[in-house]
Amino acid sequence: MLESRLSFPADFYWGTATAAYQIEGAVSVDGRGPSIWDTFSHLDGRIARGHNGDIAADHYHRWQEDIKLMKRLHVNAYRFSISWSRILPTGRGAVNPKGLDFYNRLVDGLLDAGITPFVTLYHWDLPQPLEDEGGWLRRDVVDDFVAYTDVVSRALGDRVKHWVTINEPWVFSWLGYFTGMHAPGNMSGNPMLALQAGHHGLLAHGMALPILRANTPDARVGIALSLTHVDPASDRPEDIAAARRYDGYNNRWYLDALFHGKYPEDMLETYRPFLPEFQPHDLEIIARPMDFLGVNYYTRLVIADEPEQFGLQLKTVEQTGEPTHMGWEVYPDGLTALLRCIHEDYGPNAIYVTENGAAFEDEVTLEGRIHDHKRVDYLRKHLAAASKAIEEGIPLKGYFAWSLLDNFEWAEGYDKRFGLYYVDYATQERTLKDSGRFFAQVAEGAILPTS
Ligand code: FCB
């Protein structure tokens, strides 16, 4: 077998990632309350084929089997999220002990298996009663998040050392409160709402940091951002400026706030008519030091100027690389370039790729195998790109493949499969895909098998 050595250090975290609503199911079991994703996924026409997360991959009942699946992958880390409404069924107040028990068992099971838990506190499933009061548009949601963080970290902080506060504020604020593609489905088309929701997300992150540190000896805390490498469609100054605006909208808005304690000047100018109120010390709180930055990377975008377009006056241009089932271009060089920019412009102490992976249409052969060579190829190229970043001196300390197993892909439902394990939703049977075999070899030996 041909292989090439990679520059991943011995203490590198190799993991897979998931999120509660995408895998757990058991939405009304053991006292769990409804979240905005329960409500949203049951609205007519919002999710492809009318799918919802009621059962998902039934991980709530199959977590022990799922830990065995991780062992088979030779991973030493697992990133998962906590369902807020399992812990606090109405969002605040009385704690549901059965909810905490579930995560206690899961954490213990992971540690017994030699797998380090990385816990995300918020992966988009806000308790519905909090949304009824205004959700992320309401500043007091920050206090609710802090109280929830306190409950969870008191319970798990003796064993969980790695905390991700919030997953992808860009996604849940713009898709949740501007386009309405995601829960709570607010199609306001008003940038002010997205900016307000996102600001509260960042503030919640900053406010949670001292709580996590107080409740967790040796805490390592960070946030996970959806970051995209952006290229201009041509060398025309207009296209270069448009690409810069997109970069400001998707990347710099969050990175500048978190690392420099200010929103980027050019974007403040662009958003001027839509800026919500920020209170004087908010940005100091948002920029409290973190131990790591989580980077969720899937693709790049090529951007052209489009004066006719409302808002940012730009458009995405057809890309050249192969598209995945999501339509996202396979573009591994973007990962190295993105990590380089982050390292140079913001200098986080440590970076984890907290998500990277691809949906492709999987076929199960008569022998029950899934020869997903396109996903293998995607992983191979992105791992090589990550290895290159390490060679350049970028402090990349871990890589989490999205995802452990096929799951509920939000507005896309179950058709988009990202798993290293195939899930037959009729039986809940899990089958290792070729990509899972490949990833196991890499995680075990830090080598890239080429055949
Ligand atoms: C990210 C989400 C994750 C998953 C992947 C494909 O934006 O964080 O839950 O859906 O995309």
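**Entry 1: the ligand**

I began with Glu355, where an N or O atom of the side chain sits 2.9 Å from an oxygen atom of the ligand. I note here that I am working from a predicted model.

Next I looked up Glu168, and I found 2.6 Å between an N or O atom of its side chain and a ligand oxygen. For Asn167, the value from a side-chain N or O atom to an oxygen of the ligand is 2.9 Å.

How much of the ligand's accessible area does the protein cover? On its own the ligand has 290 Å², and the protein covers 94% of that.

**Entry 2: the shell**

Which residues surround the ligand? I listed Gln22, His123, Trp124, Asn167, Glu168, Tyr298, Glu355, Trp402, Glu409, Trp410 and Phe418. Sorted by class, I have five nonpolar residues in this shell, together with three polar and three charged.

**Entry 3: helices H9 and H10**

I then turned to a pair of helices. Two packed helices are described by the distance between their axes and the angle between them, so I looked up both values. H9 covers residues 191-215 and H10 covers residues 237-260. Their axes come within 11 Å of each other, with a crossing angle of roughly 35°. The crossing of H9 past H10 is right-handed.

Which residues make the contact? From H9 I wrote down Leu195, Leu202 and His205. From H10 I wrote down Trp253, Tyr254, Ala257 and Leu258.

What classes do these contact residues fall into? My tally for H9 with H10 is six nonpolar, one polar and no charged.

Terms used: Residues numbered from 1 in each chain as written. Predicted model: local features only at pLDDT ≥ 70, side-chain atom pairs only at ≥ 80, totals over all residues. Heavy atoms only, no water. Axes fitted to C-alpha atoms, helices over the stretch in contact; angles between N-to-C directions. Helix = DSSP H or I, 4+ residues; strand = E, 2+ residues; numbered from the N terminus. Left-handed = near helix turned anticlockwise from the far one by under 90°. Contact = heavy atoms within 4.5 Å. Nonpolar A, V, L, I, M, F, W, Y, C, P; charged D, E, K, R; others polar. Near = heavy atom within 4 Å. Polar contact = N/O pair within 3.5 Å; in protein donor to acceptor, adjacent residues only side chain to side chain. Areas by Shrake-Rupley, 256 points an atom, 1.4 Å probe, with all protein chains shown as cover.
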